[in-house]
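Please read the following note beside the sequence and the structure. Each numbered point may be checked against the residues that it names.

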Amino acid sequence: MITYYKNNATGLTVAHGHTESIWVSAVNPTLSEKTYLLNELKLPEAFYNDIEDIDERPRIEFEDGWCLIIVRIPFKSDDLKLPYTTAPLGVIFNETTCVSLCFVENELIDDFITYSQRKNITVGDNFSLVFRLLLSSSIWFQKYLKQINLGIKYAESNLEKSVRNEDLQALFRMEKCLEYFITSLKGNELLFYRIKNLKSHKDTFDPDMVEDVEIEIKQAQDTTNIYSNILTGMMDAYASVISNNLNVVMKRLTSISIILMIPTLVASLYGMNVPNSLQESPYGFAIILSASLLLSVIGVVLFRKKNLF
């Protein structure tokens, strides 16, 4: 879908066409929209293909009067194995055209427009737009981190009652999401500092906005690292608990096997087809049974003292 935006007294609003817009937003474009972007707006096809790659890293590139800036943004995925992940959002611009391009449906763009209208924010130039998208991206990282943390707490509360594979797998999925977030935020941070230090433009940047972006990126990184460290420690703890529970079960089963072996041994010895002192006694069976029970009780008492039961 392609949407045109223009500055207004109340923030960014929808424009009716490219001629009156300052920014063209393309989200998951169709084949006809791709043709329009490449043929009508003359976007470099190489830039278009780079953004289409889901694994493209954050970077800035200049070519033939065009500038490409790729930012990693978070989004909620339909994949149950990876509920939260990141995707590239590219901003391609020259002196007359500015296009943002993303190949996944996301909440960031609409939220950014709503926020600009609530705060009466306008976009001064293309780099200002990039900074604000970086700022929105960092904020959405933190929003999804809160949801991930809720998922971690829910799985943790279930694991306190019973260690189930489903809850452990949920923690593994959250750990994978955090790894994607850490990598993407690191790339966004490097991109931010590279844009900030552009010699030809750094004097034109709004220092307050640059500072806000830097703070939000740092905060998102710190929060992600904290959650990741906590989750890693939690996973290690549950792995130790599972291993310890298994050792306890095996120890008890071994102790039970040894106790059960005592009457079996006694019965085997007196059950052999050889003469013994009890073969003629009417109380032979009772004596053997009593001896087996007595030895078993002694074995249980000794194992209890060694804390093997």
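1. Asn28 lies in the loop between β3 (23-27) and α1 (31-40); here helices (H or I, at least four residues) and strands (E, at least two) are DSSP runs, numbered from the N terminus. Although Asn28 is not a glycine, its phi is positive, at about 50°. Asn28 counts as partly exposed because its relative accessibility is 36%; buried means under 20% relative accessible area, exposed over 50%, and partly exposed in between (1.4 Å probe, protein chains only).

2. The model is predicted, so that local features need pLDDT of at least 70 and side-chain atom pairs count only at pLDDT 80 or more, while totals for chains, interfaces and linings use all residues. Residues are numbered from 1 along each chain as its sequence is written, and side-chain values use heavy atoms, with hydrogens and water left out.

3. Asp64 also deserves attention. This residue is found in the loop between β4 and β5 (66-76), and it has a positive phi of about 50° although it is not a glycine. With a relative accessible area of 71%, Asp64 is exposed.

4. The structure holds 7 salt bridges, a salt bridge being a side-chain nitrogen of Lys or Arg within 4 Å of a carboxyl oxygen of Asp or Glu. One of them joins the side chains of Arg59 and Glu61, at 2.2 Å from N to O. Arg59 counts as partly exposed because its relative accessibility is 21%. Glu61 is likewise partly exposed, with a relative accessible area of 25%.

5. Where does the pair formed by Lys143 and Asp111 lie? The closest N and O atoms of this salt bridge are 3.8 Å apart. Lys143 lies in helix α4 (residues 126-161) and Asp111 in helix α3 (residues 108-119), so the pair ties together parts that are 32 residues apart in sequence. Lys143 has 31% relative accessibility and counts as partly exposed; Asp111, at 27%, counts as partly exposed too.

6. Another salt bridge is formed by Glu189 and Lys186, whose closest N and O atoms are 3.6 Å apart. These two residues are separated by about one helical turn, because they are 3 residues apart in helix α5 (residues 165-196). Is Glu189 buried or exposed? Glu189 is buried, with a relative accessible area of 7%, whereas Lys186 counts as partly exposed at 44% relative accessibility.

7. Salt bridges that share partners join Asp50, Glu56, Arg59 and Glu61 into one network. Within this group, Glu56 is placed in the loop between α2 (45-52) and β4 (59-63). Glu56 counts as buried because its relative accessibility is 14%. Its side chain makes a polar contact of 2.8 Å with the side chain of Arg59. A polar contact is a pair of N or O atoms within 3.5 Å; within protein, one must be able to donate a hydrogen and the other to accept it, and residues adjacent in sequence count only if both atoms are side-chain atoms.

8. Thr114 lies in helix α3 and is partly exposed, with a relative accessible area of 42%. A polar atom of the Thr114 side chain lies 2.9 Å from the backbone oxygen of Asp110. Which distances relate Thr114 to Gly11? They are 103 residues apart in sequence and 8.5 Å apart in space, C-alpha to C-alpha.

9. On the surface, Leu246, Val249, Met250, Leu253, Ile256 and Leu260 form a nonpolar patch, with about 560 Å² of accessible area together. Patches are made of residues with over 30% relative accessible area and no salt bridge: like charges are joined within 9 Å, and nonpolar side chains (Val, Leu, Ile, Met, Phe, Trp, Tyr) within 5 Å. Accessible areas come from the Shrake-Rupley method with a 1.4 Å probe; for residues, only the protein chains shown count as cover. Val249 is in helix α6 (residues 207-270) and, at 44% relative accessibility, counts as partly exposed.

10. Asp206, Asp208, Glu211 and Asp212 form a negative surface patch. Lys and Arg count as positive and Asp and Glu as negative; His and the chain ends are not counted. The place of a charge is taken as NZ of Lys, CZ of Arg, CG of Asp or CD of Glu. Glu211 is found in helix α6 and counts as partly exposed at 44% relative accessibility.
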